[in-house]
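I opened the notebook to record a set of look-ups in one chain. The entries follow the order in which I made them.

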Amino acid sequence: MDEGMPLLGFGLPVSGSWAAPTTMLHVARRAEELGYASLWTFQRVLSPVAPHDPSFDAANNPGARPADDAAYRSVHDPLLPLALVAGHTARIGLGTATVCAPFTPPAVLAKAMATLDHLAGGRLTVGLGIGWMPEEYAAAGVPRERRGPRMEEYLGCLHALWTQDPVEFDGEFYTVPRSRFGPRPLQSPHPPVLLGGSAPAALRRAGRLAQGWISSSRQDLDQVSRSIELVREGARDAGRDADAVRVLVRALVDLVDVDPGPGRRPFHGTRDQVLEDLAALRGRGVTEVFVDLNFSPRVGSPDVDAGTAVAEADRVMDALAPATW
């Protein structure tokens with residue numbers, strides 16, 4: 001591994017026509033062979049039929065695509081594909097980027113993640129987000145109000161469930177009667193937890209209460225250093241090691257054969273240009289990047305031919321393989 005580069009992962013097929021079990025296994029095995037560090041899934045419960053007011057999306061949607069984007073129309077559960085590939089891989093890390101924590105009671109999520117950590121042999125990273133889409137909150141039966149305080153308490157409850165025996169938790173939003181919770185996660189004290197979010201309070205929360213931060217796909221990569229500093233500031237304020245914070249960025253890669261020329265966006269370019277983009281992020285403090293083709297219109301849409309999508313994914317995965325650096 002080139003020390004001037006971040007760890008590189010790959011998005012597991014979970015959205016669109018290519019997200020079939022055989023393809024999930026193919027991508028997982030091939031990524032491990034090629035030296036990728038990790039595989040990642042994401043959660044989308046619903047794809048709303050009625051479009052959102054653009055001003056609402058601009059203020060609330062952390063992604064780079066509208067809520068009714070084609071990539072959101074057909075998305076698998078984020079945990080079950082990881083469980084599938086866990087038994088067919090041996091080294092590669094597995095993670096969620098992200099699961100909307102408030103949609104699932106902490107005890108239920110703690111149990112699922114602990115089980116997955118065992119199935120994966122201790123290779124799991126738990127990426128959590130706060131969620132933003134009103135339709136998903138309505139379907140989950142959870143109020144959107146006071147999401148920040150709810151998330152903070154959720155993390156405390158999750159930590160208690162994973163580390164206390166017996167466990168007891170009594171908060172404003174969540175309660176766990178004095179009980180035994182087992183099995184505990186295989187990793188001790190628990191799998192690493194990374195938090196999404198872009199507001200200053202969310203960034204500091206990631207440093208203060210978690211092991212790292214997951215950047216949104218809308219993140220201005222030219223400004224990512226400032227966001228990372230806020231995450232590390234939160235870690236320092238909590239008396240934690242700021243240098244140990246993990247920073248994960250989703251790369252929406254569009255690999256082409258010819259230089260797009262002036263004004264190209266990050267990760268849209270030739271192989272050499274994309275590798276330069278990765279090195280530039282490492283220089284800004286990013287520790288990990290994963291290539292996510294679930295959001296590529298040539299791969300992740302349900303309207304794309306599955307064979308064509310898999311061929312494009314293989315092309316990108318082979319071209320950027322860490323084993324070739």
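I take a residue as buried when its relative accessible area is under 20%. The model is a predicted one, and I read every entry below with that in mind.

**Entry 1: helix 7.** I asked which residues of helix 7 are buried. In helix 7, residues 200–209, I found Ala-202, Leu-203, Arg-205, Ala-206 and Gly-207 to be buried. I then looked up what these buried residues pack against, and noted two helices by name, helix 6 and helix 8 (224–237). The other partners I wrote down are strand 8 (193–196) and strand 9 (212–214).

**Entry 2: aromatic pairs.** How many aromatic pairs does a search of the whole structure find? I got nine. I looked up Trp-40 and Phe-290 and called the pair stacked, because the ring planes are at 25 degrees and stacking requires under 30. Their ring centres are 5.6 Å apart. Trp-40 belongs to strand 2 (residues 38–41) and Phe-290 to strand 13 (residues 288–291), so I logged a link between distant parts of the chain, 250 residues apart.

I next took Tyr-154 and Tyr-174, an edge-to-face pair with 90 degrees between the planes and 5.4 Å from centre to centre. Tyr-154 sits in helix 6 (residues 147–163), while Tyr-174 sits in the loop between strand 6 (167–170) and strand 7 (175–179). The two are 20 residues apart. Is Tyr-174 buried or exposed? I noted it as buried, because its relative accessibility is 12% and the limit is 20%. Tyr-154 is buried as well, with a relative accessible area of 0%.

**Entry 3: a ring cluster and charges over rings.** I found Phe-42, Tyr-72 and Phe-295 joined into a cluster by ring pairs. Phe-295 also has Arg-65 over its face, 3.9 Å from the ring centre. Elsewhere I noted Lys-111, whose charged end sits over the ring of Phe-181 at 4.7 Å from the centre.

**Entry 4: Asn-61.** I located Asn-61 in the loop between helix 2 (54–60) and helix 3 (80–86). With a relative accessible area of 3%, Asn-61 is buried. Which backbone nitrogen lies 2.8 Å from a polar atom of its side chain? I found that of Gly-63. Leaving out residues up to four places away in sequence, I listed Phe-56, Pro-66, Ala-67, Trp-132 and Arg-218 as touching Asn-61.

**Entry 5: helix 1 and helix 10.** I looked up how helix 1 (residues 21–33) packs with helix 10, and got an angle of about 10 degrees with the axes 11 Å apart. I logged helix 1 as roughly parallel to helix 10, because the angle falls under 35 degrees. From helix 1, the contact is made by Thr-23, His-26, Val-27, Arg-30 and Ala-31. From helix 10, I listed Val-310, Asp-314, Met-317 and Asp-318.

**Entry 6: Gly-307.** I placed Gly-307 in helix 10, residues 306–319. Gly-307 is partly exposed, with a relative accessible area of 46%. I also took the C-alpha to C-alpha distance from Gly-307 to Leu-94, and got 25 Å for residues 213 apart in sequence.

Definitions and conventions. Residues are numbered from 1 along each chain as its sequence is written. This is a predicted model: local features need pLDDT of at least 70, side-chain atom pairs count only at pLDDT 80 or more; totals for chains, interfaces and linings use all residues. Side-chain values use heavy atoms; hydrogens and water are left out. Rings of Phe, Tyr and Trp (its six-membered ring) pair if their centres lie within 6.5 Å; planes under 30 degrees apart count as stacked, over 60 as edge-to-face and the rest as tilted. Helices (H or I, at least four residues) and strands (E, at least two) are DSSP runs, numbered from the N terminus. Buried means under 20% relative accessible area, exposed over 50%, partly exposed in between (1.4 Å probe, protein chains only). A charge sits over a ring if NZ of Lys or CZ of Arg is within 6 Å of the ring centre and within 35 degrees of the ring normal. A polar contact is a pair of N or O atoms within 3.5 Å; within protein, one must be able to donate a hydrogen and the other to accept it, and residues adjacent in sequence count only if both atoms are side-chain atoms. Contact means heavy atoms within 4.5 Å. Axes are lines fitted to C-alpha atoms, for helices over the stretch in contact, and angles run from 0 to 180 degrees between N-to-C directions. Angles under 35 degrees count as roughly parallel, over 145 as roughly antiparallel, 65 to 115 as roughly perpendicular and the rest as oblique.
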